[in-house]
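Subject: A structure for you to look at

Hello,

Please open the structure below and keep it on screen while you read. My notes follow it.

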Amino acid sequence: MSHLVSLLSAKISSPAMALPTAGGDGEFHAPGLTDFFPPAIFGEGTFYEFNRVMMIRVIATIVLCGLFILATRNLKLIPTRGQSVLELAVGFVRNNISVEVLGEKNGRKWAPLITLIFFAVLAMNITGIVPGLNLAGSSVVGFPAVMAIIALVAFIVAGVQAQGGLQYLKTTLFPPGVPWPIYFLLTPVEFLSAFILRPATLTIRLLANMMSGHLLLGLCFAATQFLLVNATWSMKPLGIGTFAISFAFVLFEIFVAALQAYIFALLTSVYISLSVEAH
């Protein structure tokens, strides 16, 4: 046990556990793709390999669940401040995403899933600007892909429940009002669009935004440290400018984290709506 604790401490304190910065050799080291593939904390080379990205995801999950438990453990008719904030957030997702897109009946039916998707994506995104974590849990493809698969299963299940299996496939792959020879070209396109491209675009959109955000912040803060610590005195004032830019990008990344969670939940609702509407 003591060996595991010492190993974990060594991994956390290693350079790979922080944003890329100027090196001790006085040269500038820009962030790169290696940031998204950190060394294993334990289980290296096995199916159970646990690295910094997995640690961030576990922390984000625990914090998210803890916030919901704390806000709902003692619900009152006159809500407390924490309960009010949670109700506003959940109400926004239910009313402005789920019900707005799916209508009252289907919106309330699918609101729990849409809410789960929104807050899970938001929690993983926001870790990219949390000091000490500095990397979004959604910036490695595993999490975006899992959420996209959940969305895929959701809109297929919604379509089957609303129309029946055969009718759902018919309306999805064979749109009415088209001359039958066109189906030889149209049906494969509809299949790719509905069952391949939808989850793929959900995955790539979220992944690309979170990766680029980390690289942008890493570059700004690395430049700030390099200019303030390693650069000549004539260049040090530039570090103040890069720090101001870094702070602005942190605020921008908070906006992007929330926006991507909103878009992911909104598109999932749209895909469910397309599945339940026979026309």
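This is a predicted model: local features need pLDDT of at least 70, side-chain atom pairs count only at pLDDT 80 or more; totals for chains, interfaces and linings use all residues.

Helices (DSSP runs of H or I, at least four residues) and strands (runs of E, at least two) are numbered from the N terminus.

Some ground rules come next. Local features need pLDDT of at least 70 and side-chain atom pairs count only at pLDDT 80 or more, while totals for chains, interfaces and linings use all residues.

**The chain as a whole**

The protein chain has seven helices and two strands. Along the sequence, the pattern reads α-β-β-α-α-α-α-α-α. Of its 279 residues, 40% are buried. Buried means under 20% relative accessible area, exposed means over 50%, and partly exposed lies in between (1.4 Å probe, protein chains only). Now look at contacts (heavy atoms within 4.5 Å). Take those with a separation of 6 or more: 66% of them join residues 24 or more positions apart.

**The cavity**

How many cavities of 30 Å³ or more does a search of the whole structure find? The search finds one. On a 1 Å grid over the protein atoms alone, a cavity is a set of points where a 1.4 Å probe fits but cannot get out, and lining residues have an atom within 4 Å of a point. The largest cavity holds about 80 Å³ of space. Grid points are joined across faces, edges and corners, and the volume is the space filled by probe spheres set on them.

Which residues line the largest cavity? They are Asn-125, Gly-128, Ile-129, Ala-136, Met-210, Gly-213, His-214, Leu-217, Glu-253, Ile-254 and Ala-257. Two elements give two or more residues to this lining: α6 (183-230) and α7 (237-276). By class, the lining has six nonpolar residues, four polar and one charged. Here Ala, Val, Leu, Ile, Met, Phe, Trp, Tyr, Cys and Pro count as nonpolar, Asp, Glu, Lys and Arg as charged, and the others, Gly among them, as polar.

The largest pocket has a volume of about 390 Å³. It is lined by 18 residues, and the closest to its centre are Val-63, Leu-64, Leu-67, Phe-119 and Ala-123. The elements that give this lining two or more residues are α2 (52-72) and α3. Helix α3 has the largest share, with eight residues. The lining has 16 nonpolar residues, two polar and no charged. A pocket is an open set of grid points with protein on both sides within 12 Å along at least five of seven lines.

Phe-119 also turns up beside Val-90. Val-90 lies in helix α3. It is partly exposed, at 27% relative accessible area. Beyond its neighbours within four places in sequence, Val-90 is in contact with Phe-68, Thr-115 and Phe-119. Val-90 and Thr-115 are 25 residues apart in sequence, yet 6.7 Å apart in space, C-alpha to C-alpha.

**The loop between α3 and α4**

Thr-127 sits in the loop between α3 and α4. Is Thr-127 buried or exposed? It is buried, with a relative accessible area of 4%. Leaving out residues up to four places away in sequence, Thr-127 touches Ile-56, Ala-60, Leu-133, Asn-134, Leu-135, Ala-136 and Gly-137. From Thr-127 to Gly-137 is 10 residues in sequence and 6.6 Å in space, C-alpha to C-alpha.

Asn-134 is in the loop between α3 (81-126) and α4 too. It is buried, at 15% relative accessible area. Its phi is positive, about 60°, although it is not a glycine. Most residues other than glycine have a negative phi.

In α5 (residues 165-173), Tyr-168, Thr-172 and Leu-173 are buried. They cover an arc of only 105° around the axis, so they lie on the same side of α5. The arc is that of the directions from the helix axis to the C-beta atoms. The buried residues of α5 pack against α4 (142-163), α6 and α7.

Ser-275 is in helix α7. It counts as buried, at 1% relative accessibility. Not counting residues up to four places away in sequence, Ser-275 touches Phe-155, Gly-159, Gln-163 and Tyr-168.

Best wishes

Methods. Residues are numbered from 1 along each chain as its sequence is written. Side-chain values use heavy atoms; hydrogens and water are left out.
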